[in-house]
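Here's a quick briefing to go with the protein on your screen. Take a look at the picture before you read on.

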Amino acid sequence: EGKVIGGWEVGLSSMRVGEKATLVCAPQYAYGAKGMPPVIPPSSTLEFEVELLGVSEAQADASTFAEDNPFSPRTPGDIAQAYEKRLADKAPKREGLEGLLDWAKSIYIFGFFTDEKGELPPWYLNPLITFPSIFVIVGIGFWLVVALGGLHRGEVAPYGDDISAFVN
């Protein structure tokens, strides 16, 4: 399959489990005329002592969802049963203030969010930190523009045109 050098493919395919062998790989069955400098010089004959400990079948790539998930329910009855089980395992919705807090925690902007495992996101993703920080940065930028005269409010400049100061 091209995952190892040709000498290994030929040599190992003829061995039995538990067998030991010395594989002598001519350059055409190893790394060829180029070699793999600096480790393997060009046109090198390689010698390996190997022992075949076991053989396992290569896993075929799954081509469908069904092949990739063999334990998921397939028939309509199995799917309905799995759905009913998930509904039964789900915690009941809380009422009153606790229900309101659960609802508020599900909304991103409030920043109470955690995942199902109870893990919090990094601090810089917490909206209670990032949103006010963005407003402060934009506010400081706006103040600097106004304070440094970058906002003219439609007023005419005190001198004629922009190039009149440079032309005699």
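Where is the place of proline 38? Proline 38 sits in the loop between strand E1 (20–25) and strand E2 (46–51). Keep in mind that this is a predicted model, where local features need pLDDT of at least 70, side-chain atom pairs count only at pLDDT 80 or more, and totals for chains, interfaces and linings use all residues. Residues are numbered from 1 along each chain as its sequence is written, and side-chain values use heavy atoms, with hydrogens and water left out.

**The overall layout**
- The chain has 5 helices and 2 strands; these are DSSP runs numbered from the N terminus, with helices (H or I) of at least four residues and strands (E) of at least two.
- Going from the N terminus on, the order of elements is α-β-β-α-α-α-α.
- Out of 168 residues in the chain, 12% are buried (buried means under 20% relative accessible area, exposed over 50%, and partly exposed in between, using a 1.4 Å probe and protein chains only).

**The loop between E1 and E2**
- Proline 37 and proline 38 are joined by a cis peptide bond, with omega about 0°.
- Serine 43 is in the loop between E1 and E2 too, and its phi is near 50°, a positive value in a residue other than glycine.
- Serine 43 counts as partly exposed, because its relative accessible area is 46%.
- Glutamine 28 also has its place in the loop between E1 and E2, and it counts as exposed because its relative accessibility is 63%.
- The C-alpha atoms of glutamine 28 and serine 44 are 9.2 Å from each other, and the two residues are 16 apart along the chain.

**The salt bridge**
- You'll find 1 salt bridge in the structure (a side-chain nitrogen of Lys or Arg within 4 Å of a carboxyl oxygen of Asp or Glu).
- The partners are lysine 85 and aspartate 89, whose side chains meet at 3.1 Å, N to O.
- Both partners belong to helix H3 (residues 76–89), 4 residues apart, or about one turn of the helix.
- Lysine 85 and aspartate 89 are both exposed.

**A nonpolar surface patch**
- Trp123, Tyr124, Leu125, Leu128 and Ile129 make up a nonpolar patch on the surface, with about 550 Å² of accessible area together.
- Patch members have over 30% relative accessible area and no salt bridge; like charges are joined within 9 Å, and nonpolar side chains (Val, Leu, Ile, Met, Phe, Trp, Tyr) within 5 Å.
- Accessible areas come from the Shrake-Rupley method with a 1.4 Å probe, and for residues only the protein chains shown count as cover.
- One of the patch members, leucine 128, is part of helix H5 (residues 127–147).
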